[in-house]
Amino acid sequence: MIAIKEIEKVGAYTQLMYRVFAKPDKWSMFFRQYKEELKKQGIESLAIVVIISIFIGAVITIQMIKNMENPLLPNTLIGLATRDILLLEFSSAILCLILAGKVGSNISSEIGTMRITEQIDALDIMGVNSANFLILPKITAFVTIMPFLVLTSMFVGIIGGYGVAVFTDMITVKAYESGIQYSFTPYYITYSIIKSVIFAFIITSVSAFYGYTVSEKGGALEVGKASTDAVVNSSVLILLFDIMLTKLLL
Amino acid sequence: MIEVNHATKTFDDGKTVLKDVSTIFETGKTNLIIGQSGSGKTVLMKSVVGIFRINSGEILYDGRNITLMKRKELNMLRREIGMLFQGSALFDSMSVLENVKFPLDMFTEKDEKEKTERALFCLNRVGLDEVVNHAPSQISGGQQKRAAIARAIVMNPKYLFCDEPNSGLDPKTSLVIDKLIQDITHEFNITTIINTHDMNSVMEIGENIVFISNGVKAWQGTKDEIFDTDCEPLEKFIFASNLYKEIKKAHNFFHDKDSTKQK
Ligand SMILES: Nc1ncnc2c1ncn2[C@@H]1O[C@H](COP(=O)(O)OP(=O)(O)OP(=O)(O)O)[C@@H](O)[C@H]1O
Ligand SMILES: [Mg+2]
């Protein structure tokens, strides 16, 4: 029974995406919405990305120092480990899990509320493709802003580790610097960006799906549930795709 | 003119809300759908505009059958439709003016100045000059309804749908809104359909009244005929309030006098 329900959901999701990826009724309106969304999903996520990344970068560095107190291990490994954790996993997958909470719940509750207050019906009745009008700008905006968020997170995370070297005597600046430059693989950045773009698509489209399909008679209760479902399901999907993409790309 | 022929609507949960409804909504008149809460008025209206697809029957807009239309054709027809929703349904991310301008932004190539002028004209028509730059959340329920009417008429629709335009409003504001809709209907000769359970509206603007009871069309007529009905659910609906019992007495009194005179 549960399996059938899930398959039905995948079907409904596919149908919705088919309506979303249509030519916008009017491009100028699309770009207007797109810009709004860039601001809302992107710029307004920047602060949280910076704060979290800087702290996590510092924490990883401290933990690496503690783990590698063994004098046989060269302390360039500390910078290297910090860098690779950030580049490979934190700034893409973990960051997206965090953003799934912020952006995903925002999207699903916004669209869900529009559904129960008949604003989506109002769009439909004007002859607007409401799925396309509401959802496409959100998906495209978040997907395009995502690489910048990832790069910012990587950069700021490494700065966080740097802070540990500068402000404490746990590791010298020189050791940290040589660590973060040691056997650097630029492909890790590409890999992270590819992953994160896919995660961005998952977060926005899955959350929009849960919001859009709130039943009109559902009220605030169902909007709340939709937003929980959106975050939980996009997080699980991110984890699944993280494994698959890692197998595929690395 | 909108014709509804044998419309039946069953929801996915198995509940049949509309049962073989047939009626005609006339052009240039305020057509009212009345009935108790939960009788299926909103479902009927949303089926007529095609938000809900009916399971059987047909709906003709001046001969055009919307039940056979593909999404594209339906969207073209919908540009001739204006609708006021039960809860106003203004977009809360936009100001009142932007809300009214929205259909113009979406479907016309007019320049900014023309669009603003047209939107302001409609807002002026509904008496909302003072709040055009407010957010929908900053204006009162009655003002929201009027803003929604302005948005509904901005594209010069041929068909206007109003779902409970005066629910939750005081009698005076209700009257203003009813009159406004009636005036617009006559002025532009459009086909207007109004859902209501308010007997005051019925007596004010009931030019063609369809009474829905439990998803069935139980009666149809004008406000002048409504007191003479022998349809039992309609009588129950009308005379739920004592006021109308008194009115009916008076009505009968004058009626009897008329007939005695004629003799
Ligand atoms: N989307 C839906 N899914 C399932 N049932 C529905 C749906 N919409 C309405 N109904 C059912 O149809 C019936 C009629 O509802 P409708 O909203 O048409 O009533 P109404 O006459 O407009 O009432 P009111 O005056 O309170 O607005 C109700 O019993 C309602 O539960
Ligand atoms: Mg209703």
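Predicted model: local features only at pLDDT ≥ 70, side-chain atom pairs only at ≥ 80, totals over all residues.
Some ground rules. Residues are numbered from 1 along each chain as its sequence is written, while chains are lettered from A and ligands numbered from 1 in the order in which they are written. Local features need pLDDT of at least 70, side-chain atom pairs count only at pLDDT 80 or more, totals for chains, interfaces and linings use all residues, and side-chain values use heavy atoms, with hydrogens and water left out.

Let me start with the metal. Ligand 2 is a magnesium ion, and B:Thr42 (OG1) and B:Gln86 (OE1) coordinate it at 1.9 to 2.6 Å. B:Thr42 belongs to helix α1 of chain B, residues 41-48, and B:Gln86 to the loop between β6 (81-84) and α3 (96-107), so the pair links parts of the chain 44 residues apart. Helices (H or I, at least four residues) and strands (E, at least two) are DSSP runs, numbered from the N terminus. Donors here are N, O and S atoms within 2.8 Å of the metal, or 3.2 Å for Na, K and Ca. Water is not among the atoms, so the site may look incomplete. B:Gln86 is partly exposed, at 32% relative accessibility. On that scale, buried means under 20% relative accessible area, exposed over 50%, and partly exposed in between, with a 1.4 Å probe and protein chains only.

Next, the interface. How many residues of chain B are in contact with chain A? There are 25, and they meet 19 residues of chain A, with contact meaning heavy atoms within 4.5 Å. The buried area is about 2,000 Å², and carbon and sulfur atoms give 60% of that. Buried area is the accessible area (1.4 Å probe) that two parts lose on being put together, summed over both.

Four salt bridges cross between chain B and chain A. The rule asks for a side-chain nitrogen of Lys or Arg within 4 Å of a carboxyl oxygen of Asp or Glu. Ten residue pairs across this interface are in polar contact, both at pLDDT 80 or more. A polar contact is a pair of N or O atoms within 3.5 Å; within protein, one must be able to donate a hydrogen and the other to accept it, and residues adjacent in sequence count only if both atoms are side-chain atoms. On the chain B side, α2 (71-78), β6 and α3 each give two or more residues. α3(B) gives the most, with six.

Now one bridge in detail. A:Glu118 pairs with B:Lys46, with the closest N and O atoms 2.9 Å apart. A:Glu118 sits in the loop between α3 (76-116) and α4 (119-126) of chain A, and B:Lys46 in helix α1 of chain B. Are these two buried or exposed? A:Glu118 is buried at 9%, and B:Lys46 is buried at 1%.

Over all chains the count is 25 salt bridges. A:Arg83 and A:Asp84 form one, at 3.0 Å, and both are buried. B:Glu112 and B:Lys115 form another, at 3.6 Å. They are three residues apart in helix α4 of chain B (residues 112-125), so about one helical turn separates them. B:Glu112 is partly exposed at 45%; B:Lys115 is buried at 7%.

Last, the backbone. B:His6 is not a glycine, yet has a positive phi of about 50°. B:His6 lies in strand β1 of chain B (residues 2-10) and is partly exposed at 47%. B:Ser88 also is not a glycine and has a positive phi, about 70°. B:Ser88 is in the loop between β6 and α3 of chain B, buried at 4%.
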